[in-house]
Each structure stands twice: as structure tokens, then as C-alpha cells.
Amino acid sequence: MHDAQFFPTPQLLNFPTPNSQTPQLSNSPTPMIKAILSFLMVLLLMPLGHALMILMEHTLSPVALHYAAFGMGVAGMLIVIAGVFAKGDTRQTLFGLFGGLLFWTGWFEFLLQYYATRYGTMPQLDPATGEIVTKPEYLILPATFGLWAMVMLLYLFSTANGCNFMNWIQRRIFGRRKAEIAARPMTRHVSIITFMELMMILWTSYLLLMFCYDDNFLGDSHPVTLAIGAGCFIGSLFIFRKQTRIKSWGANIRMAIATVITLWTPVEILGRNDILTEIWVAPLEHQTEMFTILGVFIAVTAFIIVKNNKKRNLQVEA
């Protein structure tokens with residue numbers, strides 16, 4: 001990972017050992033196609049996830065909403081666990097990705113919403129229009145910074161991994177003792193790797209955005225906020241460039257998670273400054289567009305699954 005990049009790449013949570021195989025790289029057209037399709041699949045999940053939350057809030061009563069959200073988190077956790085026992089790198093990656101998204105939505109965002117509502121946390125309002133600028137659950141999200149730092153300490157001091165960004169930090173902190181202090185990786189379960197990658201990069205991006213939006217620190221339109229958005233956009237291009245040389249579907253999808261979330265940061269900043277219209281925050285008013293996004297997502301995901309299954313069948317026959 002380049003030092004200028006703002007978020008950790010999938011290698012941060014992949015923990016390859018010196019004896020483990022790293023994704024094969026190639027300049028052939030096939031990895032490019034895989035990179036584009038993997039990128040599209042993960043990218044389309046972002047507006048669909050936002051729209052799902054909005055639809056649940058508009059169609060369910062408060063009590064039903066909290067039960068449904070809790071059930072969503074349970075389902076996400078079970079899907080991730082099931083992925084540990086699934087066969088194949090790509091299948092495990094998809095289990096971790098889809099289960100992780102349900103887990104994040106149900107047990108992170110909606111759980112914060114529940115306690116923010118329960119204890120009367122007020123949203124941030126636009127002083128000119130009176131419209132909600134930041135929902136209560138996101139206002140209390142920065143309180144999780146200590147928990148985030150705790151998890152990052154685990155990865156920093158207790159894992160040997162292939163992430164250039166993490167290795168750079170470890171070399172600066174540990175020096176020649178890096179191999180001694182961060183000597184071994186965790187047990188490799190691709191579903192858990194994908195799940196934790198999604199959790200940590202989403203968590204990092206939300207904390208960063210909430211810090212930027214806070215007028216006590218920077219503010220929505222502060223030059224540093226805009227520079228961070230620009231830096232994340234440039235960083236996503238570097239990640240995608242590496243992604244286009246990865247041959248396997250699973251590793252490509254895991255890299256796409258970092259590419260998309262890094263790219264989504266400037267999207268959020270542009271939307272916050274009313275430069276970009278976020279149709280996914282009002283899905284009922286943009287039904288045609290949202291159904292189109294859903295249709296493309298289903299088609300791309302089905303294509304990836306079919307192609308991966310064909311490859312597995314050919315390997316079995318061989």
C-alpha cells in the first residue's frame with residue numbers, strides 16, 4: 001500500500017505468511033475483466049445497503065425495525081460463520097462480504113440508532129433550512145474510536161501480514177525487532193478475513209468522515225476535508241491498478257472492497273456538500289434508478305458465481 005493512501009488494503013487483514021501463496025498477478029485481459037466486475041459488484045452494494053436502511057426505516061414500526069435489525073445482524077454473523085466451512089476461496093469471500101454487510105447494517109448502524117433514539121440523542125440540523133444533516137447514530141459513532149484503536153493494536157502487534165501500509169508502520173515502530181514482535185499470522189479463514197476487512201475499512205472510513213464533518217475539528221467544506229476526499233480518490237486508483245493484475249476471483253473481490261470504500265469516501269464528501277445527488281438516500285423517489293442498480297448487481301454477482309463454479313468443475317474433472 002502506498003504511504004499516501006488513507007485506508008488499509010485487504011492485505012491488512014489477509015495475514016499471508018512467508019510460506020503462503022499470494023494472489024497471482026498478470027497483465028492479461030482476464031484479470032482486468034475480473035477487476036471491473038468485482039469492483040462493480042462491491043460498488044453497487046454501497047447504494048443498495050443505504051437504500052435498504054432507508055426502506056426499513058420507512059416501512060417498519062420502531063419496534064419491528066429494531067427486531068428486524070437485530071435479526072439482520074444475527075443472519076450476517078451466521079452467514080460469515082457458514083463461510084468458514086464453505087469450499088473454495090471465492091465462495092468464502094462472498095459469504096464474508098454479504099454476511100459482513102448484514103452484520104454491519106444490523107449490529108452496528110441500527111444498534112447505534114437504537115441507543116441514540118432510546119436516550120434522546122438529537123440529530124445535527126442545518127441552521128438555515130432545519131433539515132437533518134447528521135443522524136443521531138452517526139453523531140455517537142466517534143465514541144467507538146477507542147474500540148477501533150484496540151482492534152488495530154491487535155493487528156499491529158500480533159500479526160505478520162503482507163500489507164505495505166501496516167508493514168511500514170511496524171518497521172517504523174519496531175525497527176529490527178519487527179519479525180520478533182509481529183511473528184505470526186492468525187489462522188486463515190477467508191470468510192473471516194473478508195468480514196474483518198469490510199468491518200475495519202468501513203469503521204475507519206466512518207470515523208474519518210465524522211472527524212472531518214465535525215466543526216470543532218474541520219467541517220464539511222474545510223480544505224483538509226476536501227483534500228482527504230481527493231487523496232482517497234487518488235488512492236482508490238492505485239488500489240484498482242493493483243487489482244487489475246490479480247487473477248483469482250476471491251482475491252479480486254477482497255481487493256475491490258478496499259477500492260470501493262476508499263472511493264466512496266469522496267462520494268460521501270461530495271454528497272455532504274450538495275455537489276452530488278445521493279439518490280440512494282431517497283430510494284422511493286428514484287425507484288427506476290434503484291431497480292436498475294439492483295438488476296445490474298444481481299446480473300454481475302450471478303455471472304461471477306457461474307464463472308467461478310465452471311472453473312471449479314473443470315478443476316474437479318481434471
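Which residue lies over the face of Tyr-213, and at what distance from the ring centre? I looked it up: Arg-272 does, at 4.1 Å from the ring centre. The test for a charge over a ring is NZ of Lys or CZ of Arg within 6 Å of the ring centre and within 35 degrees of the ring normal.

**Ground rules**

I'm working on a predicted model, where local features need pLDDT of at least 70, side-chain atom pairs count only at pLDDT 80 or more, and totals for chains, interfaces and linings use all residues. Residues are numbered from 1 along each chain as its sequence is written, and side-chain values use heavy atoms, with hydrogens and water left out.

**Overview**

I noted 11 helices and 2 strands in the protein. Helices (H or I, at least four residues) and strands (E, at least two) are DSSP runs, numbered from the N terminus. Along the sequence I read the pattern α-α-α-β-β-α-α-α-α-α-α-α-α. The protein has 318 residues, and 48% of them count as buried. Buried here is under 20% relative accessible area, exposed is over 50%, and partly exposed is in between (1.4 Å probe, protein chains only). I also checked contacts, meaning heavy atoms within 4.5 Å. Of those with a separation of 6 or more, 75% are between residues 24 or more positions apart.

**Helix 3 against helix 8**

A packed helix pair is described by the angle between the two axes and the distance between them. For helix 3 and helix 8 I have axes that come within 7 Å and cross at roughly 40°. Axes are lines fitted to C-alpha atoms, for helices over the stretch in contact, with angles from 0 to 180 degrees between N-to-C directions. Helix 3 and helix 8 are therefore oblique to each other. My cut-offs for that: under 35 degrees is roughly parallel, over 145 roughly antiparallel, 65 to 115 roughly perpendicular, and the rest oblique. The crossing is right-handed; that is the clockwise case, while left-handed has the near helix turned anticlockwise from the far one by less than a right angle. On the helix 3 side, the residues that meet helix 8 include Gly-96, Gly-100, Trp-104 and Phe-108. Among their partners in helix 8 are Val-190, Leu-198, Trp-203 and Tyr-206.

I then went for the rings. A search of the whole structure gave me 15 aromatic pairs. Rings of Phe, Tyr and Trp (its six-membered ring) pair if their centres lie within 6.5 Å, with planes under 30 degrees apart counted as stacked, over 60 as edge-to-face and the rest as tilted. Phe-108 and Trp-203 are edge-to-face, because their ring centres are 5.8 Å apart and their planes sit at 70°. Phe-108 lies in helix 3 and Trp-203 in helix 8 (residues 190-213), so this pair ties together parts 95 residues apart in sequence. Both Phe-108 and Trp-203 are buried. Ring pairs also link Trp-104, Phe-108, Tyr-138, Trp-203 and Tyr-206 into a cluster.

Next, Val-190 in helix 8. Is Val-190 buried or exposed? Val-190 counts as buried, at 7% relative accessibility. Skipping neighbours within four places in sequence, I find Val-190 in contact with Asp-89, Gln-92, Thr-93 and Arg-254. Val-190 and Val-84 are 106 residues apart in sequence, yet 7.1 Å apart C-alpha to C-alpha.

Thr-90 is in helix 3 (residues 89-118). Thr-90 has a relative accessible area of 7%, so I log it as buried. Beyond four places in sequence, Thr-90 contacts Trp-249, Gly-250, Ile-253 and Asn-308.

**Helix 9 against helix 10**

Helix 9 (residues 223-243) and helix 10 (residues 249-272) pack at about 160°, axes 8 Å apart. Helix 9 and helix 10 are therefore roughly antiparallel to each other. Their crossing is left-handed. The contact includes Gly-229, Phe-233 and Ser-236 of helix 9, and Ala-256, Thr-259 and Leu-263 of helix 10.

**Two loop residues**

Gly-219 is in the loop between helix 8 and helix 9. I get a relative accessible area of 3%, so Gly-219 is buried. Leaving out residues up to four places away, Gly-219 touches Cys-212, Tyr-213, Asp-214 and Thr-225. The C-alpha atoms of Gly-219 and Leu-209 are 9.8 Å apart, for 10 residues along the chain.

Asn-273 lies in the loop between helix 10 and helix 11 (287-317). Asn-273 is buried as well, at 18%. With residues up to four places away set aside, Asn-273 touches Asp-220, Ser-221 and Leu-226.
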